[in-house]
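Please look over the sequence and the structure below. The paragraphs that follow go through the contacts between the chains and then those within each chain.

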Amino acid sequence: MPDEPVQRVLDAAIRCVSRWGMAKTSVEDIAREAGISRATLYRLFPGGRDVLFEQAGEAELARIFGLLARDLRAAPDLRELLVTGVQQASRAIRDHDALQYLLAHEPEHVLPFLAFDALDPILVLAAEFAAPFVAPHLGPDAPEGLDLEVAEWLTRLVIGCALDPSRVDDLTRRQAAERVIDRFVLPGVELALAEARAADRPRPRAEVPA
Amino acid sequence: VGGRVGHVEAGASRPSAGDDTRGRLVAATLRCVEARGLQATTVEDVAREAGMSRATVYRHVPGGRAQLVADAVATEAGRFLERLREAMDEVDDPVASLRAGLVLGHRAIHDHALLQQVLRTEPGELLAELAASEPLLHGVVAERVRAVLEGRPLAPGVVLGEATDYVTSLFLSYLGSQGRWDLADEAAVDRLVRVQLLGGVLARRGG
């Protein structure tokens with residue numbers, strides 16, 4: 001958890017970006033928004049503007065994960081967990097003013113983090129965040145790593161939909177989220193569980209009497 | 001996406017007709033970007049590399065630098081799409097077709113030295129340009145997905161159009177970023193396709 005003045009500056013940076021974008025936001029703007037002097041800001045962020053924006057992005061991701069964790073913890077079963085997860089994550093992205101400003105007006109600042117290999121660390125981070133919420137609902141016989149797999153799968157559905165405004169199955173809507181989970185995700189999870197059970201159980205014919 | 005850049009013109013036999021000028025300019029642009037970077041590449045550089053005057057370049061490519069870059073990206077993207085389509089066309093089975101597309105597509109993206117170079121050093125302009133090819137890529141994949149699913153027994157309640165959208169979207173997600181997966185591992189990709197892409201789409205055999 002960052003200390004209070006640091007967090008105040010990071011929040012101020014996000015507010016500035018949601019108003020004017022990144023290109024037009026100066027260190028002075030952020031200092032003014034945070035109610036501190038330029039000198040104090042540089043003492044808190046000796047790396048300057050770039051480091052500040054990077055940390056602001058990381059802090060936002062952590063904040064969103066924190067909000068999601070609350071919803072995921074409350075889910076009574078796997079279906080509710082998956083539906084709530086994709087819906088709330090999609091909403092968090094849709095309602096994030098700074099991110100939406102950048103996607104609409106300054107995509108060159110966000111796309112490099114979302115395209116090709118650059119997305120991998122975000123997928124891994126999100127999967128590792130969500131997996132512990134998925135695991136208890138998969139049952140004790142679930143194959144190792146299925147929790148991470150399902151978590152990454154959901155992350156991909158959310159990101160794919162969030163970055164494509166033309167998508168009709170807007171996952172911020174409960175009904176659309178339910179449909180994708182019921183039609184395509186839960187049957188896949190069941191198949192993975194069934195295959196793991198079948199592989200675990202020795203086939204009768206292959207059994208050699210001792 | 002041919003891996004090495006410059007092979008368009010590298011051979012001894014060069015097509016002679018004037019309608020190949022755009023092709024020569026694309027090859028020259030790619031070589032310039034490889035040598036000095038995307039932002040730093042100018043119309044003058046490309047003209048010199050192609051052995052043409054600046055005026056000739058502008059006559060064929062009135063949009064100047066922006067159009068040269070757009071042409072080059074569109075040409076490389078078109079090659080990639082052709083290879084992807086071929087790989088997915090080769091087999092009729094949905095699992096095999098999607099697996100082949102993911103394995104080839106991932107490898108082609110990773111082996112494209114120039115693409116990786118620009119992504120590492122100055123991705124901004126390239127990504128904006130690639131976004132223009134996205135609908136084309138989406139269209140090719142969706143068309144192939146629909147073709148391999150058509151006529152197959154689908155799971156109860158699953159509609160072809162909806163399944164096509166779902167599979168296409170997830171396929172493109174993996175094609176771009178492999179995340180925790182190793183898309184060079186055919187067995188892993190096979191399992192990925194069966195469980196995540198098609199697990200809820202195809203009717204189960206035998207129940």
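How many salt bridges does the rule find across the interface of chain A and chain B? The model is a predicted one, and in it the count across this interface is four. One of the pairs between the chains is that of A:Arg179 with B:Glu162, a salt bridge whose closest N and O atoms are 2.5 Å apart. Polar contacts between chain A and chain B come to 16 residue pairs, with both residues at pLDDT 80 or more. On the side of chain A that touches chain B, the elements giving two or more residues are α7 (107-114), α8 (120-134), α9 (146-162) and α10 of chain A. The largest share of that side comes from α10(A), with nine residues.

The extent of the interface can be given in residues and in area. In chain A, 28 residues are in contact with 33 residues of chain B. About 2800 Å² is buried between chain A and chain B, and 58% of it is on carbon and sulfur atoms. Within chain A, the residues that lose the most area to chain B are A:Phe116, A:Arg156 and A:Phe184, which together make up 29% of what that side buries. A:Arg156 also lies over the face of B:Tyr174, at 3.7 Å from the ring centre.

Aromatic side chains come next. Over all chains, the search of the whole structure finds four aromatic pairs. In one of them, A:Phe184 and B:Tyr166 have ring centres 4.3 Å apart and planes at 10 degrees; planes under 30 degrees apart count as stacked, so this pair is stacked. This pair crosses between the chains, with A:Phe184 in helix α10 (residues 174-200) of chain A and B:Tyr166 in helix α9 (residues 160-176) of chain B. Both A:Phe184 and B:Tyr166 are buried. Elsewhere, A:Phe65, A:Phe129 and A:Phe133 form one aromatic cluster. A:Arg19 lies over the face of A:Trp20, with a distance of 5.1 Å from the ring centre.

The next topic is charged pairs. Side chains of opposite charge can pair when their charged atoms come close. The count of salt bridges over all chains is 31. In chain A, the side chains of A:Arg8 and A:Glu4 meet in a salt bridge at 3.5 Å, N to O. A:Arg8 and A:Glu4 are separated by about one helical turn, because they are four residues apart in helix α1 (residues 4-20) of chain A. A:Arg8 is partly exposed at a relative accessible area of 35%, whereas A:Glu4 is exposed at 53%; the cut-off for exposed is over 50%.

A salt bridge in chain B joins the side chains of B:Arg99 and B:Asp190, at 2.4 Å from N to O. B:Arg99 lies in helix α6 (residues 94-111) of chain B and B:Asp190 in helix α10 (residues 186-197) of chain B, so this pair ties together parts that are 91 residues apart in sequence.

B:Glu150 counts as partly exposed at 47% relative accessibility, and B:Arg146 counts as partly exposed at 36%.

Back in chain A, a network of salt bridges links A:Arg79, A:Glu80, A:Arg174, A:Glu178 and A:Asp182. A:Arg174 is also one of the residues in contact with A:Gln87. Where is A:Gln87 found? A:Gln87 is in helix α5 (residues 78-94) of chain A. Leaving aside neighbours within four places in sequence, its contacts are A:Leu171, A:Thr172, A:Arg173, A:Arg174 and A:Ala177. With A:Thr172, a polar atom of the A:Gln87 side chain lies 3.2 Å from the backbone oxygen. A:Gln87 has a relative accessibility of 6%, so it counts as buried.

How values were computed
Residues numbered from 1 in each chain as written. Chains lettered and ligands numbered in written order. Predicted model: local features only at pLDDT ≥ 70, side-chain atom pairs only at ≥ 80, totals over all residues. Heavy atoms only, no water. Buried < 20%, exposed > 50% of the residue type's maximum accessible area, 1.4 Å probe, protein only. Polar contact = N/O pair within 3.5 Å; in protein donor to acceptor, adjacent residues only side chain to side chain. Contact = heavy atoms within 4.5 Å. Phe/Tyr/Trp six-rings, centres within 6.5 Å; stacked < 30°, edge-to-face > 60°. Lys NZ or Arg CZ within 6 Å of the ring centre and 35° of its normal. Buried area = accessible area lost by both parts, 1.4 Å probe.
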